[in-house]
Amino acid sequence: MIELTCIVCPKGCRLRVDENDGYKVTGNACPRGAAYGREEALDPKRVVTSTVRILFERDAESVDSVRPDLPAPLPLVSYFDPDLPHIEARLPVKTSVPIPKAKIADVMNAVHAVTVRGPYDIGDVIIKNVAETGADLIATRDLRVPDA
Amino acid sequence: MHADLIIIGAGPAGLAAAAEAHRHGIRDILVLERDNEPGGILNQCIHNGFGLHIYKEELTGPEYAARAFDELRDTSVVVKQDTMVLSVSPDRVLSAINPADGYFEVSAGAIILAMGCRERTRGAIAIPGDRPSGILTAGAAQRYVNIEGCMVGKRVVLLGSGDIGLIMARRMTLEGAEVLACVELMPFSGGLTRNIVQCLQDYNIPLMLSHTITDIRGKNRLQSVTVSKVDDDLRPIPGTETEMECDTLLLSVGLIPENELSKTAGVELDPRTGGPRVTDDTRTTVPGIFACGNVLHVHDLVDNVTLEARKAGRAAARFLREEKSDNAGPARLPNGHGRTHPAPSLTIQTDHNVIYTVPQSFRLPLPDKTADIYFRVRSILRECEIVLTDAAGRIVRRVPKDYMTPGEMEKITLSADALNELGTQTLTLSVVEQEARDD
Ligand SMILES: Cc1cc2nc3c(=O)[nH]c(=O)nc-3n(C[C@H](O)[C@H](O)[C@H](O)COP(=O)(O)OP(=O)(O)OC[C@H]3O[C@@H](n4cnc5c(N)ncnc54)[C@H](O)[C@@H]3O)c2cc1C
Ligand code: SF4
């Protein structure tokens, strides 16, 4: 018997899913809970979000950057050390689709191992088929060098 | 300097208010933001779960911020970043400072307050013990980890089960920290069920309800905290203490609307929400000043922030139009919408089960076809009914509910015609439990 809390609505029914009885769900106050319980017991999936290390060369060329069509640029740089040859920041990322829960650690290892060179745009693919999950790791914001 | 409309804060509230005011004909709009980019708190909320209602897909915080900012594409809205607003006067003159312009003053035809909220800190809840480093709010930790790229600790205890704390418990775990427990004073969590499941249960982090931290030890860095069970009156029970070794304590004990500026403007605050008192169109008690988003009351869903901000954008546009026609023509309609005469209004009272409502009153006649009351309940309630009664005790509206929790904002929608008909009087919003009704 697998015990779960339904998250489809705020009520949070306690579900029991019987793996010996064709994954029959009990404890659900409505049919949406049954569907959720079966899916969550058979093949739980999550979108993984994190950040990856991103480096920008410190040269004026890459500063063509800011989106001229918008009223203000979207620069954000967290680490600006004049003694280093590059500017380092974090680029937020997510898996393009939910991945099997059991693969979260593998995806995080891949996220930790990668360093990319900026600039990046929202939606750009960072790792294709990350950790063999079928999902891509994609950027969730634009990240560009500010005109410093 | 002058602008027709000035919006303070470029979080989702400020951005949506600007876009909507522009859609309603206002062209001279200035948004002032103290941070170095728009987006507000969303920039550090890299997790997904934003925008299901407005955009019909599950976005991360930065993605939602980008959508909100994109709505200003091809508009005449000007966003000034790195600009901190220092004060707002009741006659709508702002003082502000930024590196490019230095100190400056600017007057506004109308102002929308959209400064968001801030986190309660340890001082506000007074835990006894040492004062070592390693104790920070969950939101500060979120900024360090997600934007600055610094880990804030290795063995973590979380006090409070607000959503930011729950999100950070998962985030710290994914980045290699061990989260020992989430300690919650109340017998229930104020966080969303989804976050309890996907941030705590997924990673086997225990949720200790009806517990609190009674001691903090550490010379330079935090070394341990003492966790105790509390009784029904929330007092620690002697003999239930356990010590947990940890180097980091994250606080997720609530948010307070950021209203320093509202106070300088003379805007009346509601002690229950911590935000301005408003009528249904987000008007504060000072003419021409409106408020939306977390500065008004703390929201759990950004979608509701956007909807409320659009209302503020429309209301400010309407106000500016009315002012213009007032100044242009002699015939001022005696409808109470002017500066000096208070409009007839319906005020809303609550019973003991309801913590607050927003708005606190309706201005009559109502501008739209429907009007909403947002509110929160004080504790978890099952099999209950939301009941709205008029001054004579007649039932205006009743809505049955299976389940209500303080963690989720509730809303009832009313027809404007019905409210207009009621006229000036007091409505009472109560939540009646089944058993109480049967007695
Ligand atoms: C950590 C966290 C997690 C959340 N998770 C979710 C979620 O999963 N799903 C969801 O739907 N919602 C979530 N929310 C709720 C939602 O994101 C917020 O309610 C929403 O972002 C609030 O928007 P806002 O514009 O009112 O405030 P903010 O985003 O805080 O923006 C306020 C802006 O005003 C600026 N400002 C303040 N004072 C001044 C001043 N004096 N001068 C100039 N500028 C100033 C600030 O710099 C800031 O940019 C979360 C909120 C938090 C805090
Ligand atoms: S089973 Fe139905 S009622 Fe219960 S929590 Fe799930 S969706 Fe809500």
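1. In chain B, B:V157 has B:A181 of strand 12 as its bridge partner. Strand 11 (residues 155-159) and strand 12 (residues 178-183) of chain B run parallel and are joined over five bridges; strands count as paired if DSSP finds at least two bridges between them. Strands (E, at least two residues) and helices (H or I, at least four) are DSSP runs numbered from the N terminus.

2. The model is predicted: local features require pLDDT of at least 70 and side-chain atom pairs pLDDT 80 or more, while totals for chains, interfaces and linings use all residues. Residues are numbered from 1 along each chain as its sequence is written, chains are lettered from A and ligands numbered from 1 in the order written, and side-chain values use heavy atoms, without hydrogens and water.

3. An open, parallel sheet of five strands in chain B has the order 10-17-11-12-13. Strand 10 (135-137) and strand 13 (207-208) of chain B each have a single partner strand, so one side of each lacks a neighbour in the sheet.

4. Chain A and chain B bury about 3,100 Å² between them, with 55% on carbon and sulfur atoms; this is the accessible area (1.4 Å probe) that two parts lose on being put together, summed over both. The interface holds five salt bridges, defined by a Lys or Arg side-chain nitrogen within 4 Å of a carboxyl oxygen of Asp or Glu. B:E37 and A:R141 form a salt bridge through their side chains, at 2.7 Å, N to O.
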